[in-house]
Amino acid sequence: MKDTLHVCALGPTRYRDGLALMDALVGARAAGETGDWLLYPDHEPVLTVGRSPSEGNVRVDAATLARAGIEVFEVPRGGDVTWHGPGQLVGYPVVQLDRVGRDLHRWLRTLEDALNAALARYGLEGRCVAGRTGVWLSEREKLASIGVAVRRWVGYHGFALNVANSLADFELIHPCGYHDIRMTSMAERLGAGCPSLAEVRAAVTAELAAQLRFERVQEHRPADAWAVAGIARPADTSKQESASDHSRSSEGANPW
């Protein structure tokens, strides 16, 4: 259905498996074999490097990363280096960009606007900073990173919103290539009042669906997403416990 956004919380997902699933869904969407999707994987700690890296933005050597159990992946999205891990809301919208007039700048602004609207529900004033993609609480404090790619006018990759994740691993890098910022999180700002990851997923899903004018949101089991992609779901996708297992709530658009 063209006016349905299909949403799936994948649970614990190794980064390479999430990439394979997303890539397959992009192909299926471009071929008209499925509709638009929003995937929410729970990743283990990992660094990803986009198409515009600068030397020195990973601040430690490979041995240090290996000891910490952190893999590094080069991916075909825009941007520099960032971190994903437990407690962070990672979202991969696989969406036909006709919805934004095939305008990549408009697509980026749509993602920013949806995240800012979701944050406003919790009393946080997210903002955009001129020349710097993402969601910010001030010109020096970044709350969400955004990096996208497009193939056959299907957008993919997406956003990473810091909800209740540790911020320590950001010390390993210059996030997104910036040397003059610090990463923050909803939990750091809201303390005990921070919503669960499931609640934030629901809010972001609702706001993105509204921004893109979807008439309906349909939630799916992980098995459904893998079946539509036409690839086998790995038997053991991750060693981490699903972040949703610790959520206080699973109502709403609990689908990354």
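## Starting at Ala-30

Is Ala-30 buried, partly exposed or exposed? Ala-30 counts as partly exposed, because its relative accessibility is 22% and the cut-off for buried is under 20%. This residue sits in helix α1. If you skip the neighbours within four places in sequence, Ala-30 touches Arg-152 and Val-154. Val-94 is 64 residues away from Ala-30 in sequence, yet their C-alpha atoms are 9.8 Å apart in space.

## The model as a whole

Keep in mind that this is a predicted model. The average pLDDT for the chain is 87, and 88% of the residues score at least 70. The stretch to watch is residues 241-256, where pLDDT stays under 50. The model does give that stretch 50 contacts beyond four places in sequence. Still, where pLDDT is low, the predicted coordinates should not be read in detail.

As for the overall make-up, the chain has 6 helices and 12 strands. It runs to 256 residues, and 56% of them count as buried.

## Helix α6 and its buried side

Helix α6 covers residues 222-229, and its buried residues are Pro-222, Ala-225, Trp-226 and Ala-229. Those four sit on the same side of α6, because they cover an arc of only 95° around the axis. An α-helix has 3.6 residues a turn, so residues three or four places apart point the same way.

What do the buried residues of α6 pack against? Their partners are β1 (4-12), α1 (15-30), β2 (36-42) and β12 (216-220).

## Salt bridges

Side chains of opposite charge can pair when their charged atoms come close. Across the whole structure, a search turns up 16 salt bridges. One of them joins Arg-121 to Glu-207, with the closest N and O atoms 3.1 Å apart. This pair ties together distant parts of the chain: Arg-121 is in the loop between α3 and β7 (127-129), while Glu-207 is in helix α5 (residues 197-211), 86 residues away. Glu-207 counts as buried because its relative accessibility is 17%, whereas Arg-121, at 48%, is partly exposed.

Arg-102 and Asp-98 also meet in a salt bridge, at 2.7 Å from N to O. Here Arg-102 is partly exposed at 42% relative accessibility, and Asp-98 is partly exposed at 45%. Asp-224 pairs with Arg-221 at 3.1 Å, N to O; Asp-224 is partly exposed at 23%, and Arg-221 is exposed at 56%. There's also a network of salt bridges that links Asp-3, Arg-29, Asp-36 and Arg-99.

Leu-104, Val-150 and Trp-153 make a nonpolar surface patch of about 220 Å². Trp-153 is in the loop between β9 (141-151) and β10 (154-162), and its relative accessibility of 33% makes it partly exposed.

Gly-79 is another loop residue, found between β4 (71-74) and β5 (81-84). It is partly exposed, with a relative accessible area of 31%. Its C-alpha atom is 8.2 Å from that of Val-148, which is 69 residues away along the chain.

Asn-116, by contrast, is in helix α3 (residues 104-120) and counts as buried at 13% relative accessibility. Leaving out neighbours within four places in sequence, Asn-116 is in contact with Gly-126, Arg-127, Cys-128 and Val-135.

Technical notes. Residues numbered from 1 in each chain as written. Predicted model: local features only at pLDDT ≥ 70, side-chain atom pairs only at ≥ 80, totals over all residues. Heavy atoms only, no water. pLDDT = per-residue confidence, 0-100. Contact = heavy atoms within 4.5 Å. Patch = residues over 30% accessible without salt bridge, like charges linked within 9 Å, V, L, I, M, F, W, Y side chains within 5 Å. Areas by Shrake-Rupley, 256 points an atom, 1.4 Å probe, with all protein chains shown as cover. Salt bridge = Lys/Arg side-chain N within 4 Å of Asp/Glu carboxyl O. Helix = DSSP H or I, 4+ residues; strand = E, 2+ residues; numbered from the N terminus. Buried < 20%, exposed > 50% of the residue type's maximum accessible area, 1.4 Å probe, protein only. Arc of directions from axis to C-beta.
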